[in-house]
Amino acid sequence: MITARGLERRFRRKGRTGGEVHAVRGVDLDVAAGELVGFLGPNGAGKTTTLRMLTTLLKPTAGTATVGGCDLLSDPLGVRRRIGYVAQGGGTAPERKVADELVLQGQLYRMSRADAVARGVELAGQLDLAGLEQRPVKTLSGGQRRRLDIALGLIHSPGLVFLDEPSTGLDPQSRANLWDHIRRLRAGQGITVFLTTHYLDEADALSDRLIVIDGGRIVAEGTPDALKARVNGDRVEVGVDPGQATDAAGIAERLPGARELSVEGGQVRFRVPRGDVALPELLRALDADGIAMRSVQVHRPTLDDVFLTLTGRSLRKAEEAGHAA
Ligand SMILES: Nc1ncnc2c1ncn2[C@@H]1O[C@H](COP(=O)(O)OP(=O)(O)OP(=O)(O)O)[C@@H](O)[C@H]1O
Ligand SMILES: [Mg+2]
């Protein structure tokens, strides 16, 4: 459904300082029909820029791509007809009624009014918008609005839909509900979904396959489980009296396979191949040295660990830095 080779995009910085932003630095992508692919990366990683190139909204500085069987550069109109695009933040007119918004969007795709009305009704049913047709868009809740954005992207029945940060700004319940809808679109209609996200839980819950982007380059791809399996071992965090932390760390260090040891106050952190196997041994050794364990936590690898292993930074931290910038 999508094949991209060496996609690149540079932006010229405006203003006196000048210079260039190399937002996307040679991206290769392969997405098969029917896949639900998550494009994960921190703020500013190049997700939206890549998406805008694949949807013909932005010209690549270099590279080639085929989207929905059409060449991006020589047949942009063919691409547009075959895809749906739901922008980050959406793009609906606040005063317009839900039903009118759907029909108008259909007519933009040259559907007849009757076809657009029928398809609008069908999508409203599928996306839980039935009964809201006569409401102005501005009166919808955040979740309803996001579902309307998705309905607008699907009005012309594309086989491939691009969703940019679908659940940003929604409360946990509306997010889970939206995820259900996205899964159902894929299951019921076989639509290929390519979505960007900077939420690890969203990427984990939704994607068959993840493509991780950082600094304009793809740094990893695979199923969420396969990616997590690349981080070998569980993270263990043991709380002891701060005065005994160094001794406790010395004991932890001798556990088979222990690494990435750090001490902070009374918290001793390290990684071992299997936390459940290491814990009883650790307890015995601490006990023998008269060190009381105050707390203990074992964490299975998460996608954040994956990101940390790949880039040396935590996605959450990268995220916070992105927001601060
Ligand atoms: N029109 C533009 N002009 C100049 N720089 C741009 C432009 N669009 C994007 N950039 C820069 O390109 C980089 C990648 O931006 P992009 O919007 O693709 O990131 P993103 O991964 O979608 O981030 P977010 O999670 O915040 O949406 C950023 O450094 C951004 O500032
Ligand atoms: Mg973006």
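**Pocket, cavity and ligand**

A: The lining of the largest pocket comprises 24 residues, and Y85, Q105, L108, Y109 and H156 lie nearest its centre. On a 1 Å grid over the protein atoms alone, a pocket is an open set of points with protein on both sides within 12 Å along at least five of seven lines, and lining residues have an atom within 4 Å of a point.
Q: Before going on, what kind of model is this?
A: It is a predicted model, in which local features need pLDDT of at least 70 and side-chain atom pairs count only at pLDDT 80 or more, while totals for chains, interfaces and linings use all residues. Residues are numbered from 1 along each chain as its sequence is written, chains are lettered from A and ligands numbered from 1 in the order in which they are written, and side-chain values use heavy atoms, with hydrogens and water left out.
Q: How much space lies in the largest pocket?
A: About 600 Å³, where a volume is the space filled by probe spheres set on the grid points, which are joined across faces, edges and corners.
Q: Which elements supply at least two residues each of that pocket's lining?
A: They are α2 (76-82), β6 (83-86), α3 (98-108) and α5 (142-154). Helices (H or I, at least four residues) and strands (E, at least two) are DSSP runs numbered from the N terminus.
Q: How do the residues of the lining of the largest pocket divide?
A: Ten are nonpolar, eight polar and six charged. Ala, Val, Leu, Ile, Met, Phe, Trp, Tyr, Cys and Pro count as nonpolar, Asp, Glu, Lys and Arg as charged, and the others, Gly among them, as polar.
Q: What is the count of cavities of 30 Å³ or more?
A: The count is one, a cavity being a set of points where a 1.4 Å probe fits but cannot get out. The largest cavity has a volume of about 40 Å³.
Q: Which residues line the largest cavity?
A: L40, L210, V212, L227, L303, V306, F307 and L310 do. Eight are nonpolar, with no polar and no charged residues. The largest share, four residues, comes from α11.
Q: Turning to ligand 1, which residues are closest?
A: Of the 14 residues that surround ligand 1, the closest are N43, G44, K47, T48 and T49; a residue counts as near if one of its heavy atoms lies within 4 Å.
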